Amino acid sequence: MVSVKLFGALRLRSGLKEYQLEAKNLDELYARLAEISAGTGLEPVTVKDLRACIVMINGKQCRPRHALSDGDAVVLLTPASGG
Amino acid sequence: MSSKYGGYMGKVVQVDLATGEVSPYPWSDRERELYIGGKIMAAKILSDHLTGKEKPFSDQNLLVIATGPLTGTGAPSSSRFNISTLSPQTGLLASSNCGGNFGYYLKKAGYDALILRGQAREHTWLEIRNDKFIFHNADGLWGKKASETQAALSQLLTQDGAPDKSGKLCIGPAGENRVLYASIISNERISGRTGMGAIMGWMNLKAVTVTGNHVVRPYDPEGMLKWNRKWFHYLRTHPLTGEQLPRIGTAGLVSQMQMRKILATENFKHGQNESFEKVNGERLAEEFNVVNKGCLTCPIRCARTVALDGQEVKGPELETLGLLGGGIRNDNMELLLRWNYELDELGMDSISAAGTLAWAMEANEKGVWNCGLNFGDVGGISRLWEDIAHRRGIGDELANGSKRLSEKYGGKEFAIQSKGLELSAYEPRHAVGMGLGYAVSNRGGCHLNGGYLVILEGLGLNIDSQTPKAKADLTVMFQNLMEMISASGQCLFTSYAFFPGFLMSRPNAWYTQAVNKVLPHAGAAVRLLNRFPQLVHMHLSPVFHHTRGFQYATGMPMTFGKYMSIGNRGYTLERSVNCRFGVSAKDDTLPKRLTDELERPDEPRSRVPLDKMKPVYYAARGWDSNGIPTRSTLRRLKLKGGG
């Protein structure tokens, strides 16, 4: 089981927020999130959308094809700017 | 006076509030070519008046309110205006930029800029209607807060039943009482930084309203219209200006900054706040956001309206969320929204107010100043804002900002300011280029005037955030770019679209990773472009629409290289004026907390290596080793005599 949180514009667009999910790698996690997004009532997201996110696992940025271990905390971010 | 160039109204007016004298200020097309408008124009006007001996609260100071040539032309995000003065907070030439519609209405009245000087004999509201300047007694407005003042002005302006078509500026009680970080308010938009409101307060000037029936005419209206369509489309489809900023605003950065360890927490002791989810942009949007708002002709619409006590009020930006959230160990969003509203209403810069409060809390914790304020103890803060604005009790001391307080009581090493201006919410020890920007910025500790390198160091792109390599050269480049965008009257947020959308929307792609790897090694190439911008004798239209847009608006020939060169001129001009007031390398500093203390004891690079970056920055700018622009640099930038 891994925990996953989404932040940024993609979260507001899709309604995906925070979940505990079974997944062995990021692709499996994205597939699960894409399924869930179909039921949020907001804009569904695809695995491709999720693959474009910045991925942090346990506080460290990782490559998009990273394997997952039980208890990992995954954060998905979209690039941002401000001022 | 008139101009051969489009976009300009061709007139600058000066008003002496002490005598009531109104007179034209000479401003030629040659000066338009060299100094464009807005921030750079204001720097030139102030440069022509300031010798280095003047005091902010004096008849010799000027408050210059200047528009850019694109203001009112319909170009995207072009309703900005700039206010520059000798700042009471920094004692130096400083500027503050504001959205809203005042700039547009100033041009409707027929003026590119308004120069104010002198102290009115009574509380005054200056009403400008085309060429009529009416000085009203403002005793009835004095003491009122910002929205109450503007509502009263609106009522006074519409007594004949006509709709209110005016731009307004006003100060709140903080400006009246010369709080050193008092702001100027225009509708809901704030000219917040460097204490402009205190200058208006000293002038006894409560408000300025402006209206008129002139028309802003671009040089090539048809070309401009066609180009604007493309430009709007580009901004609307870019991942930052078309998705992130409209959807979640600057508030969306809180979570990103937390992950990048650059979210200022507990007076910058740390770069992460474990309670960030209680005070981040996602929570703001999901639980409090009512509607998004934008300035005139802006497709980005980054502003937020939130629900507070049954009222719809302006929501906080990232800086306020960060500094009045984790910055003082507050995780109560409702309180934060209230404070943001109260600070705007009282007319105080929320960044400096929060930075000063955080310093006081730490000073109390360390026994440096026993003021009774504690991190996380957030009851009574609303009362404290009132006390600061009215200079009552300890509020009178807090009204002077963290620099002066630390000089009086000690604790300079944790007074998080540069040149007297408190830093915004980006903790720079994991974004060292941003640290350099804070230190060398003409405005003082400002992220935007500092070049906003944090956009490369983990927000938009993800270059090595702790290497000093190339940071000085990139800082110069972005400062010059933003200087010119600001001078033209446009919002700096349009500059974020300079980064091609595919880099922003594909952070994991090989090409984005390659850019992240290569940029820190590109210092020499960036230096070459900074030094010889004429090498880019072209438009970079696929990603940078500003130069062609500028050309259609004004008729002034423009290339990317020339655009950057004018930005360089503006930045160096401000620096050279500040050098007259004694600024040199000794002032381009950060508090020891950021340069000497490691943010992570186990990460030796988690500090700002300012000593390594500053000499490179000076060399890149063509300044001497003491940070003074050299004669040859001034000559190259056509600033001979301006230094």
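Two strands count as paired here if DSSP finds at least two bridges between them. Keep that in mind for the first stop. The model is predicted.

**Stop 1: the sheet in chain A.** Select the strands of chain A in the order β2-β1-β5-β3-β4. These five form an open sheet with mixed pairing. On average, neighbouring strands are turned by 30° against each other, direction ignored.

**Stop 2: β1 and β5.** Select residues 2–6 and 73–77 of chain A, which are strands β1 and β5. The two run parallel, and four bridges join them. Zoom in on Ser3(A). Which residue of β5(A) stands opposite Ser3(A)? Ala73(A) does.

**Stop 3**

**Stop 4: where the chains meet.** Show both chains. Here 19 residues of chain A are in contact with 29 residues of chain B. On chain B, select α8 (239–248), α9 (253–259), α10 (281–288) and α19 (501–505). Each of these helices supplies at least two residues of the side that touches chain A. Which helix gives the largest share of that side of chain B? It is α8(B), with six residues. Finally, colour the side of chain B that touches chain A by class: 16 residues are nonpolar, nine polar and four charged.

Terms used:
Residues are numbered from 1 along each chain as its sequence is written. Chains are lettered from A and ligands numbered from 1 in the order in which they are written. This is a predicted model: local features need pLDDT of at least 70, side-chain atom pairs count only at pLDDT 80 or more; totals for chains, interfaces and linings use all residues. Two residues are in contact if their C-beta atoms, placed from the backbone, lie within 7 Å. Ala, Val, Leu, Ile, Met, Phe, Trp, Tyr, Cys and Pro count as nonpolar, Asp, Glu, Lys and Arg as charged, and the others, Gly among them, as polar. Axes are lines fitted to C-alpha atoms, for helices over the stretch in contact, and angles run from 0 to 180 degrees between N-to-C directions.
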